[in-house]
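Please look at the sequence and the structure first; the description follows.

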Number of protein chains: 2
Amino acid sequence: MSTIKLAIVGVGKIVYDQHVPAIAGNANFTLLATASRNNTIDGVASFPTIEAMLAAHPEIEAVSLCMPPQYRYKAAYAALSAGKHVLMEKPPGATLSEVSDLKRLAAEKGVTLFATWHSRHAPAVPVMKAFLAEYAPRKVTINWKEDVRQWHPNQDWIWQPGGLGVFDPGINALSIMTEILPRAVFLRAAELSFPENREAPIAADLHFTNADGLPVEAQFDWRQTGKQSWDIIVETDKGELRMADGGAKLSIDGVAQELPPEAEYPSLYSHFADLIQNGKSDVDLSPLRQIADAFMLGKRQVVEAFHD
Amino acid sequence: MSTIKLAIVGVGKIVYDQHVPAIAGNANFTLLATASRNNTIDGVASFPTIEAMLAAHPEIEAVSLCMPPQYRYKAAYAALSAGKHVLMEKPPGATLSEVSDLKRLAAEKGVTLFATWHSRHAPAVPVMKAFLAEYAPRKVTINWKEDVRQWHPNQDWIWQPGGLGVFDPGINALSIMTEILPRAVFLRAAELSFPENREAPIAADLHFTNADGLPVEAQFDWRQTGKQSWDIIVETDKGELRMADGGAKLSIDGVAQELPPEAEYPSLYSHFADLIQNGKSDVDLSPLRQIADAFMLGKRQVVEAFHD
């Protein structure tokens, strides 16, 4: 087949770090243009808005949407309405309802919509999923603790309503949780900590369970200095699964497993090409739904002000 | 057909006021038993738990779940697992994720699950829906303002996490909004007012829109004394729809419309019987999803303490 003519909307750190190299390494895609208020990619035609870009390059077949989630619906709606396939960075939107509407529109237009969860493509994830399909989990502990000043310096949007605060990294953990566990889990209680000067939580303690009463305890914290943790520990009758580094490492009962090298974004673009070629969409809202549930059901506490 | 042997779980004000008369008036159902911690219905066998009730009366075919939403999942799971059809009062649960799991279980068991939204059965609703399918809305204003001391005296669960606060009545407005509008709407901003001594909001200002940019403004307030409002006003090119009294009244361009008498709960039970007879479920989560979106996206402000 000929390559898929692709454009990127919303150029920032994640685009330079991950999307550009992943696209360059995938023979199915040709990067044709970008639309972004502030940034450009060397050697690629750039436009200030998605509307200007699609008008100038009607041959674009697919777009990757990488702006903050509060601005994603409008761009996705424009692209899908124009008959383009759409890949969305996580989280797929500021609300569940808007993403449900996009899902309907993609089906109506007969194009592909792919709501990505890059952490599901971490090397440990399929190994854990296969293990837990065979040996039932007895207890799950999730520790997702990082230093927001290091990973999200001066990213104001992340503290705005819809920016999700500590759930922005935490949604990666939830995307793995909802992928590897054999039965659906749901929240039974949560405590969210809001800095007194911010609109989004800096920490969250989440207590999930499922129909079997499985305990799933998650701690998200953005105030972690020193050692950073992106770990999921699952106890089973056949030993303990210990995932670390966001899914790059896995040990089973203390024995480090050999895993392929990390290739989350290359895997996302391979999957996007497959979806387009097969005329399918992939929109699983369950990680974002768990977060909406946490905001709805969680107790709030106000904590010390946060300054970048 | 023979009548459907029905039980009620969670006996309180709404059961005495609405469910019992609606069931008594529907020849498709026979009320066989109740399970409730505190209350009973004269002349009906009563049990302290759903498990005890189902063990004593295996011939029960369907159950209505009317306890607070925080306790609904466990009862629904027990009933569906036992192969019973299930009707759930609104809201259908404390989280979206748990209700999604129940939907899956009902499909797996081949039984009916009905997540009810009684306000959708108000007499004005089908009239408004048909009108708006023909004449596009230009602006929607929702005023849902009542005195919590009058309508929910000393109902502590409603102020707990998962009790939803002012969204407990507000979800009725949202169930109508999501039913009558021809295109899906989603939140773009919200402000939620939490009393300083409570875990749930006492007021909410919600700003929705849709793909066409339709403005939908909703104000929910539990501090209303004097005249109570359960009104939806829709401006169209063909005049103004003005729904009042939660859907019992409707005027079009100032002309009061003749409507059948209010019969929300009888209509719910007629629909439940139809669903059972046709082997179908009816689980539309969109009203609760809009609320989860409001908690996730909304700005919070702390207001004066509330005391019953």
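B:Glu217 is partly exposed, with a relative accessible area of 23%; buried means under 20% relative accessible area, exposed over 50%, and partly exposed in between (1.4 Å probe, protein chains only). B:Arg188 and B:Glu217 form a salt bridge in which the closest N and O atoms are 3.5 Å apart; the term denotes a side-chain nitrogen of Lys or Arg within 4 Å of a carboxyl oxygen of Asp or Glu. This pair links distant parts of the chain, since B:Arg188 belongs to strand β8 (residues 185–195) of chain B and B:Glu217 to strand β10 (residues 216–221) of chain B, 29 residues apart. Helices (H or I, at least four residues) and strands (E, at least two) are DSSP runs, numbered from the N terminus.

## Basis of the description

The model is predicted: local features need pLDDT of at least 70 and side-chain atom pairs count only at pLDDT 80 or more, while totals for chains, interfaces and linings use all residues. Residues are numbered from 1 along each chain as its sequence is written, chains are lettered from A and ligands numbered from 1 in the order in which they are written, and side-chain values use heavy atoms, with hydrogens and water left out.

## Other salt bridges

Over all chains, the count comes to 31 salt bridges. One of them joins A:Arg198 and A:Asp156, at 4.0 Å from N to O. Here too the pair links distant parts of the chain: A:Arg198 is in the loop between β8 and β9 (203–210) of chain A, and A:Asp156 is in the loop between α6 (148–151) and α7 (167–180) of chain A, 42 residues apart. A:Asp156 counts as partly exposed, at 46% relative accessibility.

Within helix α4 (residues 96–109) of chain B, B:Arg104 and B:Asp101 lie three residues apart, about one turn of the helix. Their side chains meet in a salt bridge of 3.0 Å, N to O. B:Asp101 is buried, with a relative accessible area of 4%, whereas B:Arg104 is partly exposed at 33%.

## A buried leucine

B:Leu285 is placed in the loop between α8 (264–278) and α9 (286–297) of chain B. Its relative accessibility is 14%, so B:Leu285 counts as buried. Leaving aside residues up to four places away in sequence, B:Leu285 touches B:Pro92, B:Leu96, B:Val99 and B:Ser100, where contact means heavy atoms within 4.5 Å.

## How the two chains meet

Chain A can be laid on chain B with an RMSD of 0.0 Å by a turn of 180° and a shift of 0.0 Å along the axis. That is the relation of a two-fold axis. The copies are superposed by least squares on the C-alpha atoms of residues with pLDDT of at least 70 in both.

The contact takes 32 residues from chain A and 32 residues from chain B. Because 100% of the interface residues of chain A are also interface residues in chain B, the copies meet through the same surface. Two salt bridges are counted between the chains. A:Lys299 forms a salt bridge with B:Glu199, the closest N and O atoms being 3.5 Å apart.
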